[in-house]
Amino acid sequence: MKKKLTIGSCVYDDFNGIYFTMNNLRLQNLDILDDLDLLIIDQNPNSKHGEETAKFARVAGIRYIPYTEKISTASRNKIFDYAEAPFALCIDCHVLFEPNTIKKLIDFYDRRPDTNDLYQGPLFWD
């Protein structure tokens with residue numbers, strides 16, 4: 001089945017952040033999980049956090065890419081390079097989404113399959 005949306009995050013020694021973000025995505029989207037290409041780009045794969053992140057990704061069925069070529073916020077561009085879906089969402093590794101957020105985003109893209117626009121959204125706090 002073709003994926004509809006890649007959701008990727010770059011991480012550097014933040015196992016807890018990436019664990020909760022990816023589990024939030026998985027658990028809130030069980031009914032559309034086959035449409036999602038979840039991706040972790042790990043900028044410090046040889047650290048203890050990196051080892052735990054790799055193990056978690058393997059068990060959870062999340063694509064994991066160790067990346068040590070450059071360590072910077074610009075490494076987020078790798079999410080777009082490795083995306084396997086026609087649309088990609090780049091998120092920080094400590095973000096949690098409200099229920100139905102991803103479903104609404106996919107619906108938005110389903111209605112605009114030819115868009116080449118770049119969308120961004122604000123961060124809302126409790």
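Me: Why is Asp92 called partly exposed?
Reply: In this predicted model, Asp92 has a relative accessibility of 31%.

Me: What makes Arg76 and Asp92 a salt bridge?
Reply: Their closest N and O atoms are 2.9 Å apart. The cut-off is 4 Å, so the pair qualifies as a salt bridge. Arg76 lies in the loop between S3 and H3, and Asp92 in the loop between S4 and H4, so the contact ties together parts 16 residues apart in sequence.

Me: Why is Lys103 called buried?
Reply: The relative accessibility of Lys103 is 19%. Buried means under 20%, so Lys103 falls in that class.

Me: How do you know whether Asp31 is buried or exposed?
Reply: Asp31 has a relative accessible area of 59%. Because exposed means over 50%, Asp31 is exposed.

Me: What makes Lys103 and Asp31 a salt bridge?
Reply: The closest N and O atoms of Lys103 and Asp31 are 3.4 Å apart, and the limit is 4 Å; the pair therefore meets the criterion. Lys103 belongs to helix H4 and Asp31 to the loop between helix H1 and strand S2, so the bridge ties together parts 72 residues apart in sequence.

Me: How do you know that Glu84 and Arg63 form a salt bridge?
Reply: Their closest N and O atoms are 3.3 Å apart. With a limit of 4 Å, the pair therefore counts as a salt bridge.

Key:
Residues are numbered from 1 along each chain as its sequence is written. This is a predicted model: local features need pLDDT of at least 70, side-chain atom pairs count only at pLDDT 80 or more; totals for chains, interfaces and linings use all residues. Side-chain values use heavy atoms; hydrogens and water are left out. A salt bridge is a side-chain nitrogen of Lys or Arg within 4 Å of a carboxyl oxygen of Asp or Glu. Helices (H or I, at least four residues) and strands (E, at least two) are DSSP runs, numbered from the N terminus. Buried means under 20% relative accessible area, exposed over 50%, partly exposed in between (1.4 Å probe, protein chains only).
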